[in-house]
Structures are given as structure tokens and as C-alpha cells.
Amino acid sequence: MVVTHQTEMPINPIFNPEGDDAIENRSIWFGNTTNLMQLNDVRYTWAVGLYQQMRENFWIPQRLDVTQDVTDYANLTDDERYAYDGILSYLTFLDSVQTCNIPHLKSSITAPEISLCMAEQISQEGMHNQSYQYLIETIIPPDRRTQVYDFWRTDKVLKDRCEFIAKLYQKYIDDATPENYFIALMADFLLEGLYFYNGFIYFYNLASRMLMPGSADIFKMINRDELSHVRLYQKLIPEARKVFPHSVEQIYEMFDMAVNYECRWTNHIVGNNILGITESSTEKYTKYLANIRLRSIGLEPLYPEPKYNKSPYTHLERFSDTKKEAHTKANFFEATVTSYVMSSGVTGWDEI
Ligand SMILES: [Fe+2]
Ligand SMILES: [Fe+2]
């Protein structure tokens, strides 16, 4: 069933006594929920497992030690410091818009088990912002801190990037049609699945050179959370494709644009100035990510050349927390096991 008769997305009432929570009548959108969290019987059982995994990912940034990073930061090259600050600015934007936008999408979800996952996602995105604040306040000297938050005001490439991302969400808020809901959902998937990872790679790259280990520890936790969000949208988008008006060309176009913006930004802030990262490896990695994300929603890769079938950063895998066998998380340099050993839900680097 493709919904064509709706001109505006229905928003769930706070409480709907006429609703029907029977699992056979439940649907992710356009259902008739009472809006109670009726979780005794669920239709989308994967959402229950995903929620459990998200909760098990629980962590607190302030419990991670970043003292070595304070010294390391002072010894970074100017280019490394510029990239460190700039990536933090960009990631702060990403997690801010997620915290703000997910509630808009959630308010039309009529399966409570999915709503629950989104509620957890909102909480995690908020906490990611807090972890950026922790890094900014602890590591970056006072005279540079405000600049990190305000970088978009002076940096045109970052401002364009932020506006491009925000516009796709704003389009739905200004005109809440099912078509625009689908676009916002895709934009969400692109943000979760494509936009964080060149940033993560930068911190893993520094860690591989024995620099800023506390920052990398924090980013591997964020990385793990983001992958659970990717999973959520990987499940939702194939369902959405059955319901919302859209075209495959439109999805490919959104992906291609997203890849271009991501490469432009990464080349601007990292470029060829950091040992181990080049404009060419950024392009390969971003297109590789786009291909695996497309495959995960049942579509053919957009970039079929063999060079885009493999990540150029497999040597940094050990610094992420996403390898199947990495059930025990160790601090990079001391090999002391951190307290955060609960999650084993993310099963491999290929999911990044
Ligand atoms: Fe996040
Ligand atoms: Fe996220």
C-alpha cells in the first residue's frame, strides 16, 4: 500500500481511547494506536532486541580518562588542531539536529516498540552533545572553546554543510506531507550512516599514532551508538519504501549529493594535511560507505568500481569498538579493561 491520499502526516494524539493496539492491526505509520506503550505483544520483534542493545550500550563520557589528551593537544601540529576543533564543531551540529529532529519523525510512529527505540536514540544524541562539551571543556584551551561552537559562523564550508542537512529536515516541518516525511527519513539515514565516519576515522588515526587516546575512547563509544541508529533506519527504510511515495532515482540522488557534501567538508577540514588521510582515501571511504548503506536497504551500489568495495582504513579497525571479537574494550595504551563491557550487539566493521 502506497499512501497517496494523505496530504499531511497524521500526528498521534497524546491519548486515543478509540485506538487499537492489537498486533495484527499494528503498523509503523498510519496505524490507529492508543499511544500507550503496549509492549506486552509486539509486532516488530527486532525493535525489542535493538532497544535492549541500545540500553546495554549505556556509558558516561566523564568516566573516560582524557588526561593524556590535554598534553597531546598542545603538541599537535596546527593542521591537526584545526581538524580536531573543526570536526568537533561539525559533530556538535550533527548531534544537535538529531536531538531536535527525531521527535518530529517519532510523533507519527504508530508502533510503540519503534517509538521506544527512537526515544532511546534521542537520549543518546543528547548525551553525545554532552560528551563533545566534555572534550571541549577538558582538552581545548579556554580561548578556543567558543570558536568550536561558533565555527559555522565564520566557516562557509561548514555553514553550507549545516544548511544542506538542516534544510531536508526543515522541509518536512514546513510542509508535513508523506513525501517530505520520506525525505526526512532518508536524510536521517544518511546522517547516521554516512556523515559521522570520516570524523571517527580522524580520531582513530590520531590514536594509531599514539595521540589523543581518551578522545578516541569516547569516539568509539559514540561510534557504537551511531551504528545502533544505523540499524534502526536500515529496518525502517525498506518498510517506508512500501508505504511512502518516492522513487529509487530520488534515493540515489540524495546519496550522491550526501557523498559530495561529505567529501567537500572532509577535504576542507582534513584534506591532505594529516598523515594517513588523503583526499583520495576520503573519497574511497565515503563511496564505500554509501555502497554498503545502499546494499543494507536492498539497493544496488551507486559506485560499482572495485576500488569502492573496500574500506581504505581497515588498519584502523582495532581502534574502533566494532569488531565482532572486540567484546572486551581495552584502553588503547594501558590495555586496562574499561567498565563498559556489556554490549556485543554490533557484529563487525562491515556495518560501519
Ligand atoms: Fe549521535
Ligand atoms: Fe545517531
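**First selection: the annotated trio**

Select D95, E125 and H128, the residues that UniProt lists under "binding site" in an unreviewed entry. The three span 34 residues in sequence, yet no two of their C-alpha atoms are more than 6.6 Å apart, so they gather at one spot. UniProt positions are given here in the numbering used for this structure, feature names are shortened, and annotations may be inferred rather than shown by experiment.

The model is predicted: local features need pLDDT of at least 70 and side-chain atom pairs count only at pLDDT 80 or more, whereas totals for chains, interfaces and linings use all residues. Residues are numbered from 1 along each chain as its sequence is written, chains are lettered from A and ligands numbered from 1 in the order in which they are written, and side-chain values use heavy atoms, with hydrogens and water left out.

Centre the view on D95, in helix α3 (residues 78-106). Helices (H or I, at least four residues) and strands (E, at least two) are DSSP runs, numbered from the N terminus. D95 counts as buried because its relative accessibility is 0%; buried means under 20% relative accessible area, exposed over 50%, and partly exposed in between (1.4 Å probe, protein chains only). Now display its contacts, a contact being heavy atoms within 4.5 Å. Apart from neighbours within four places in sequence, D95 is in contact with E125, H128, N129, Y132, F196 and E226.

**E125 and the iron pair**

Move to E125 in helix α4, which also counts as buried, at 0% relative accessibility. Setting aside residues up to four places away in sequence, E125 touches D95, Q98, T99, E192, E226 and H229.

Show the ligands next. Which residue coordinates both iron ions? It is E125, and the iron ion (ligand 2) and the iron ion (ligand 1) are 3.6 Å apart. Zoom in on ligand 2: this iron ion is coordinated by E125 (OE), E192 (OE), E192 (OE), E226 (OE) and H229 (ND1), at 2.0 to 2.4 Å. Donors are N, O and S atoms within 2.8 Å of the metal (3.2 Å for Na, K and Ca); water is not among the atoms, so sites may look incomplete. Along the sequence, the donor residues of the iron ion (ligand 2) follow the spacing E-x66-E-x33-E-x2-H. The pair E125 in helix α4 and H229 in helix α9 (residues 213-243) links distant parts of the chain, 104 residues apart. Both E125 and H229 are buried.

**The second annotated group**

Select E125, E192, E226 and H229, another "binding site" listing of the unreviewed UniProt entry. This set spans 105 residues in sequence, yet no two of its C-alpha atoms are more than 10.7 Å apart, so the residues gather at one spot. Within the set, E226 is found in helix α9 and counts as buried because its relative accessibility is 0%. Leaving aside neighbours within four places in sequence, E226 is in contact with D95, E125, H128, E192, F196, Y197 and F200.

Step to Q124 in helix α4 (residues 112-139). Is Q124 buried or exposed? Q124 is buried because its relative accessible area is 4%. A polar contact is a pair of N or O atoms within 3.5 Å; within protein, one must be able to donate a hydrogen and the other to accept it, and residues adjacent in sequence count only if both atoms are side-chain atoms. One such contact, of 2.7 Å, joins the side chains of Q124 and H229. Not counting residues up to four places away in sequence, Q124 touches M54, N57, D225, S228 and H229.

**Residues 181-204**

Highlight residues 181-204, to which the unreviewed UniProt entry assigns the annotation "transmembrane region". Over this stretch the chain is 96% helix and 0% strand, with the end C-alpha atoms 35 Å apart.

**The whole protein**

Finally, zoom out. The protein has 11 helices and 0 strands. Its C-alpha atoms fill a box of roughly 65 × 40 × 40 Å along the principal axes. Of the 352 residues, 55% count as buried. Among contacts with a separation of 6 or more, 78% are between residues 24 or more positions apart.
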